[in-house]
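I opened this entry to record what I looked up in one chain. The sequence and the structure come first, and my notes follow.

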Amino acid sequence: TNGTSIDFYVNQNTAGTKTITFRYAAGAGNASRYVNVNVVDVATNLSFSGTSNWSTWNTVSVTVSLAAGSNTIRLGLASSKGNTNYLNVDRLTGL
């Protein structure tokens, strides 16, 4: 629903750019979400293509800049940013 999010807390030894990948199912059709790192939007309307059902998985990637030390990566739904539809995310890789 509007205003919900998932936070991933990650630590990095050095600052740098990473391509992160979300594994997801979108059985209700195409969905979109915002991604921010340390409260700064890096994608306001990242597209997640619909999957044929809730047990079919796909991935989507985005490049982010991370600071040395603690970072918070947030994947969220904000209707004000155009985010829509249901999404089941089960993992984040690429760190």
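**Entry: N83 and its surroundings**

I looked up N83 and found that its side chain reaches the backbone nitrogen of A78 at 2.9 Å. A polar atom of the N83 side chain also lies 3.0 Å from the backbone oxygen of T44. I take a polar contact as a pair of N or O atoms within 3.5 Å; within protein, one must be able to donate a hydrogen and the other to accept it, and residues adjacent in sequence count only if both atoms are side-chain atoms.

The model is predicted: local features need pLDDT of at least 70, side-chain atom pairs count only at pLDDT 80 or more, and totals for chains, interfaces and linings use all residues. Residues are numbered from 1 along each chain as its sequence is written, and side-chain values use heavy atoms, with hydrogens and water left out.

I placed N83 in the loop between strand 6 and strand 7; strands are DSSP runs of E, at least two residues, numbered from the N terminus. N83 counts as buried because its relative accessibility is 5%, where buried means under 20% relative accessible area (1.4 Å probe, protein chains only). Leaving aside neighbours within four places in sequence, I noted N83 in contact (heavy atoms within 4.5 Å) with S32, R33, Y34, T44, N45, G76, L77 and A78.

**Entry: the chain**

I counted zero helices (H or I, at least four residues) and seven strands. Of the 95 residues, 36% count as buried. Residues 24 or more positions apart account for 80% of the contacts with a separation of 6 or more. The C-alpha trace spans about 40 × 25 × 15 Å along its principal axes.

Terms used
Buried means under 20% relative accessible area, exposed over 50%, partly exposed in between (1.4 Å probe, protein chains only).
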